[in-house]
Amino acid sequence: MGYGVSDFFGGVAARKVTALRVVIYSYPMSIVLVLLLLPFVDGVADVASMGWGLAAGVASGVAVWWFYAALASGPMAVVSPLTAVLVAGIPVLVGLIAGERPGPLAFVGIVFALVAVLLVSRESPDAVTEEITGGRELRFTKMVALLTVGSGLAFGLMFVFMHETAASAGLWPLLAQRVAATGVVWVTALTRGEFKRLRGEPLRLAFYISVLDVIGNAALLYAFHGSMLALVSVIGSLYPAATVLLAMVLLGERVGRQQQAGMVLALVAVGLIAAA
């Protein structure tokens, strides 16, 4: 839920400034928030967990970089769902290879969740897209395909790396993750000339995003410590359903039948996995 609401605020902010300009503020804000939480949460940092946290941060930073690069040159209706399926599928595959064996009910829930992610993430080109791209045709070229697949793999690996952290480390791996991710997006912004000041509403939205980002990542971290990688990651990857629901209710955006079906299927998937 935290990821989904965070993405909603990110989408609202991205209508005023580029998404990269938002995350170069929201990411360091999240570092400060984690530092404020550390004294109140039990945990002792260990080398292995901090290393996995840093790896997760690099993966998430690279994933964001490549995802935005793919969206800038390729069709959103292809890039978004393909990335979402990879984000959900990679950790499930890694978990199964590592020996995880969800029960029959949970396995059905995983399959439903993968389909739900695909449906909910589907978007169609509209007048806004045409305006942003200047009317040029967006094609799924070889470079866009590589960026899309690379982004999905990196996002998926972030889940895998966070799962490897020790429960005894508390929120310390999350601090390492946010620091590494901030470093990657700052380098990206500097190289692309996007390191610019935010003011007004976009800055306030960046703060909201940072709070929700910390909530989402912290919840995911603790969930990984208490359950299977395959189950937690596939539920976590359903966050686009919350984004779509908020856009529909608060912004009055029209939601297609496929997205509606995906949202219903997401609820069924969560119910099946929870009941397993």
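## Helices, rings and a nonpolar patch

Of the chain's 276 residues, 49% count as buried, where buried means under 20% relative accessible area, exposed over 50% and partly exposed in between (1.4 Å probe, protein chains only). This is a predicted model, in which local features need pLDDT of at least 70 and side-chain atom pairs count only at pLDDT 80 or more, while totals for chains, interfaces and linings use all residues. Residues are numbered from 1 along each chain as its sequence is written, and side-chain values use heavy atoms, with hydrogens and water left out.

User: Happy to start simple: how many helices and strands does the chain have?

Analyst: Elements here are DSSP runs, numbered from the N terminus: helices are H or I with at least four residues, strands are E with at least two. Read along the sequence, the pattern is α-α-α-α-α-α-α-α-α-α-α-α. The count comes to 12 helices and 0 strands.

User: Which helix gives the most to the nonpolar patch?

Analyst: The surface patch is formed by Phe-107, Val-108, Val-111, Phe-112, Val-115, Val-264 and Val-268. Helix H5 (104–121) and helix H12 (257–275) each supply at least two residues. With 5 residues, the largest contributor is H5.

User: Is Val-264 buried or exposed?

Analyst: Val-264 lies in helix H12 and belongs to the nonpolar patch. Its relative accessible area is 53%, so Val-264 is exposed.

User: Which residues does Thr-182 contact, leaving aside its neighbours within four places in sequence?

Analyst: Thr-182 is found in helix H8 (residues 172–191), and it counts as buried because its relative accessibility is 5%. Contact means heavy atoms within 4.5 Å. With those neighbours set aside, the partners are Tyr-27, Pro-28 and Ile-31.

User: What kind of pair do the rings of Trp-186 and Phe-195 make?

Analyst: Rings of Phe, Tyr and Trp (its six-membered ring) pair if their centres lie within 6.5 Å; planes under 30 degrees apart are stacked, over 60 edge-to-face and the rest tilted. The structure holds 4 aromatic pairs. For Trp-186 and Phe-195 the centres are 5.4 Å apart and the planes at 85°, so the pair is edge-to-face.

User: Where does the charged end of Arg-178 sit?

Analyst: A charge sits over a ring if NZ of Lys or CZ of Arg is within 6 Å of the ring centre and within 35 degrees of the ring normal. For Arg-178, the charged end is 4.5 Å from the centre of the ring it sits over, that of Tyr-27.

Conventions: Patch = residues over 30% accessible without salt bridge, like charges linked within 9 Å, V, L, I, M, F, W, Y side chains within 5 Å. Areas by Shrake-Rupley, 256 points an atom, 1.4 Å probe, with all protein chains shown as cover. Salt bridge = Lys/Arg side-chain N within 4 Å of Asp/Glu carboxyl O.
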